[in-house]
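Let's take a walk through this model together, one element at a time. Keep the viewer open and follow along as we go.

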Amino acid sequence: MKTLNTDRRQLMKTAAMAAAGSLVTGGVSLPVVNADQAVGELPAGEGLSWNKAPCRFCGTGCHVQVGVENGRVVAIAGDKAADVNKGLLCVKGYHVGGILYGNDRLTKPLLRKDGKLVEIEWDEALDVIAQRIMKSPETFAFYGSGQWTIPEGYAAQKFMKGGLSNNHIDPNARLCMASAVTGFIATYGVDEPAGCYQDLDECDVLITWGNNPAEMHPVLFSRVTDRRSRGEKVTIIDIGTRRTRTTDAADDYLEMKPHGDVAIALGIMHLLIENDNYDKSFVEKHCNFRALEAATPTLKGEAITEDEYRKRIAKYTPELVEELSGVPAEKIRMLAGLFANRDRRITSLWCMGMNQHTMGTAVNSLVHGVHLMSGHFGRPGDAPTSLTGQPSACGTVREVGTLAHALPGGRLVAKEDHRQQCEEFWNLRAGSIQGVPGYHTVKMFEQFTKPTSEGGDITTMFVQVTNPGQTLPNLNKLFNSKQGLEDKFLIVSDVYPTASTELADLILPAAMWVEKNGVYGNSERRTQQWFKMVDPPGDARDDTWMTIAIARKLFDLGHEGMKDNDGEFIFSVKDETGKEIPIWEFEHYYDTNVDKHLFEEYRQFTTMKHKNLAPYDEYVKARGLRWPVVEQDDGSWRETRFRFSAFDDPFVSEGQEFEFYHSTSQDGRAQIWFHDYTPPPEQPDQEYPFWLCTGRVLEHWHTGTMTRRLSPLNRAMPTAYIEMNPQDAKAANIRQGETVVIETRRGKTELPVWIDGRGRPPAGSVFVPFFDETKLINDCTLDEHDPFSKQPDYKKCAARIVKKTAAG
Amino acid sequence: MRYPRTRADIDTEASTEPSHSTRHIAGISIEPVAATNLGPVPKLAAQAIPVHRPPGAVDESQFLLGCTRCGECIAACPHDAIRKAANRLGPVAGTPVIEADLAACLMCEDYPCIAACEPGVLTDSLPVTMGTARVTEHLCLAHHGTTCTICSERCPVEHAICVNDGKPAVNEDACTGCGVCRYVCPAPENAILLMPAFKRPRYTA
């Protein structure tokens, strides 16, 4: 038997002295590499190679170095050359290599026959799918993900909207980012943050709006706390509905009632106007005032005068805001005072708290408004910044536009010229792309789980890289009701069995992360590329390949949409001699770099909204580049850190200090919105007296399908729980650790109680994380959503807590 | 125990009843306790390897002399945290130990292991201190500047791990060495150094 070779021994030795990396051995991680070691200093040797990849988990976009030996990922180290994380990783990141090696990887396609899942070959699986699509192309839906790589999303997008002339493609990012998108579009006319992570390094004040970056974006939060440990003064103000690890580090904690953020933003703007200390010059030069149209509200809104704006916002006095938000009036005055001071740089951070919100678009727009009105915009450290929870929510969903209403590059299906241009780029027949948006996520699943006889007009659903059986709100209505519907067919591509594969009729084994090539786009507009490093297990295959192979089956069956104007396959890739490479056959998929072909094709869309991407090879060299990436006279490619600011953004016109060049009012100005506060759709009452808020925990990512297979993380956080206030627990005679039943009007689940734990909710509210597939809190959540973004509100609904004995 | 446990955990506990259930009522031994041998300490035992004993263990030499290796404490532990020391440990082999990497002592309120110890080498008249934990700062993620608070959250002993500026430190006066922090530490290399109590008090009747 071969024992550890010397390289490996050297690795182990290094391990004993350092903490910042991990050696993957059969699913268990051991440390190997110090964060201080630059790439060139990583332990090298015959058989062991290192390569860069962005971390598989969140939207922060840390880079790791992946150590591969004998076709297996054996080590992970923080990548010191990466600007995002500078070698640091979070507790999940150090173990990321182990996600490939859970014991129950899916390795064969599985088809449900007479209620039982049986192994089949890929060819049969593709046939089943292609036949169903051929039979009824318009009732097929594709549900994707912010974990899709850019090429995966782009291939799915082209296949659906171009090939099948079907707009029923939507991603899980609808559930997490959609309101941020509508907020950016309503305010600036173009999606995604203007600033970047450098704002965190330069702000004097950090305001977290319903946001817990200490747990959810720990590496970013470290950038702030690290400044403190170096003696810099950074004031952190945490506005939230419960105390969290972020609160622990905060100088001030403003506890608000759910939905209070809307009132707080209005209150700040009211005071800035009332005290006449807003940034008049910035507003005069760069902003307009906007409100919703009375008849049919849109994201464009209607122009209102400054006087009208003053009139409307006049009622949001600190006293009224206190009543609506629960935050004391003097704290609202404190916030307004902060924003009135232009000498201190202020960065606002938010994520799901403001996005999973029935007033998501409104509160996003209002917080942008606070920054614009006060002039805290466009200087490093002065920024309203939304964070993403998924590694490519920005790259794949928001930029490739894998949403029911969008086309690549920030274009819309509803606009004829956008469709035409897209058809030209794709060399498709005029009219191929439909002008009516497809179903958004909630509607898509409603139509899928509703019997066909009752108008449920989605019959086949293909799910890639996500887990709707755990993440959809109100699961009993939107997912579980699929069971028993004979004519509905669910296809799930995943790497492990999940809550979604439970109801799947066909399960496809997928390759993951460094088992395939990929490109992600993180929260700060950074596009990041990596190469395949190891083979997927068994018959697991790339998601892009699946889409292309299905398209090819349809092509062979004579589906006209799979042919371009020249009669060629829409995903045709040719070698240098002009000969077509049969990339739909998996043996030939890696004869070429399909990712690169798709990326270069996609790239031509990105200039339309000044989201310019560099050629693929530039990303191979870099640890990601932030768009717009513009070619310089010397042939090099320059990234942009601060959009709309003349000092950094090459698209700002000469002589302007700031320019919002995609302004919805076509005058280079951003919009300061007015929205009236409206109460949440469901509020606690006598029957359901608690607010229920849901979210994540540090140790687990998303639905835990990956992190729960990493034993160090699962040991640290083995189960979901319900956080209760000690007062509430005492009143109900509930003990620490006791299992209780949480019930809402939609469902119930059982959870152990954690009092005074990591999060501390105020009396009358509880918090439950959603990572645990054995305790599905989304059986309880509400499917009410924002009118513009269609993003559901997972952060507030009415619940009751029942002792287990009483519940029976 | 401050961390919530799952229903499954609690159900499993109920089913792990001591094997000789007739000698216990609700985990408390009802049989007379045999006299502890408090005789002179043989040299061999005095040189025994320091091991991590269950709570309330008497001085190691007394322990080795008195422990009958009956396994009652092992059966009584509701969390399967006590196990027999491996054969390679020589004179210690077969005696009850805790290996926190596999399962830590969760510091039960009523110490069923002590109640189950017939020879009385686990006794409630001595401190329950089994050892002490220490944070190895260069391995600890929180000391590296990233958020991690799991050891202090799961520690069953009030004030045994205090967190300062996000970084944990063990208060050795309060720490009982139960090993929960060692068990849950998710750092790539475990950042908790757990040391057994090298000297435990002698038991005098």
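This is a predicted model: local features need pLDDT of at least 70, side-chain atom pairs count only at pLDDT 80 or more; totals for chains, interfaces and linings use all residues.

Just after α17(A) comes N427(A), with a positive phi of about 55°.

Next, find helix α9 of chain A, residues 260-274. With 15 residues, α9(A) reaches 21 Å from its first C-alpha to its last, close to the 21 Å expected at 1.5 Å a residue. Is α9(A) mostly covered or mostly uncovered? It is mostly covered, as 13 of the 15 residues of α9(A) are buried. Just after α9(A), D276(A) takes a positive phi of about 55°.

One partner of this helix is α12 of chain A, residues 318-325: the two axes come within 8 Å and cross at roughly 170°. Since angles over 145 degrees count as roughly antiparallel, that crossing makes α9(A) roughly antiparallel to α12(A). On the α9(A) side, the contact is made by G260(A), A263(A), I264(A), L266(A), G267(A) and L271(A), while α12(A) brings P318(A), V321(A), L324(A) and S325(A). Sorted by class, the contact of α9(A) with α12(A) has seven nonpolar residues, three polar ones and no charged ones.

Both of these helices turn up again around helix α13 of chain A: what covers the buried residues of α13(A) includes α9 and α12, along with β12 (252-255), β15 (346-350) and α15 (360-373) of chain A. The twelve residues of α13(A), 329-340, should span 16 Å at 1.5 Å a residue, and the end C-alpha atoms are 16 Å apart, which agrees. Which residues of α13(A) are buried? They are K331(A), I332(A), L335(A), A336(A) and F339(A). These cover an arc of only 140° around the axis, which puts them on the same side of α13(A).

Loops deserve a visit too. I570(A) is found in the loop between α21 (543-556) and α22 (586-589) of chain A. This residue is buried, with 22 other C-beta atoms within 10 Å. Not counting residues up to four places away in sequence, I570(A) touches K158(A), G162(A), G163(A), W426(A), A551(A), M562(A), K563(A) and D564(A). The C-alpha atoms of I570(A) and L428(A) are separated by 8.5 Å, although the two residues are 142 residues apart along the chain.

Another loop residue to look for is L503(A), between β20 (489-494) and β21 (506-509) of chain A. L503(A) counts as buried, because it has 20 C-beta neighbours inside 10 Å. Leaving aside neighbours within four places in sequence, L503(A) is in contact with G469(A), K482(A), Q483(A) and L490(A).

Finally, switch to chain B, which has seven helices and eight strands. Of its 205 residues, 47% count as buried. Among the contacts in chain B with a separation of 6 or more, 73% are accounted for by residues 24 or more positions apart.

Methods: Residues are numbered from 1 along each chain as its sequence is written. Chains are lettered from A and ligands numbered from 1 in the order in which they are written. Axes are lines fitted to C-alpha atoms, for helices over the stretch in contact, and angles run from 0 to 180 degrees between N-to-C directions. Helices (H or I, at least four residues) and strands (E, at least two) are DSSP runs, numbered from the N terminus. Angles under 35 degrees count as roughly parallel, over 145 as roughly antiparallel, 65 to 115 as roughly perpendicular and the rest as oblique. Two residues are in contact if their C-beta atoms, placed from the backbone, lie within 7 Å. Ala, Val, Leu, Ile, Met, Phe, Trp, Tyr, Cys and Pro count as nonpolar, Asp, Glu, Lys and Arg as charged, and the others, Gly among them, as polar. The expected span of a helix is 1.5 Å times one less than its number of residues. A residue is buried if 20 or more other C-beta atoms lie within 10 Å of its own, exposed if 12 or fewer, and partly exposed in between; C-beta atoms are placed from the backbone. The arc is that of the directions from the helix axis to the C-beta atoms.
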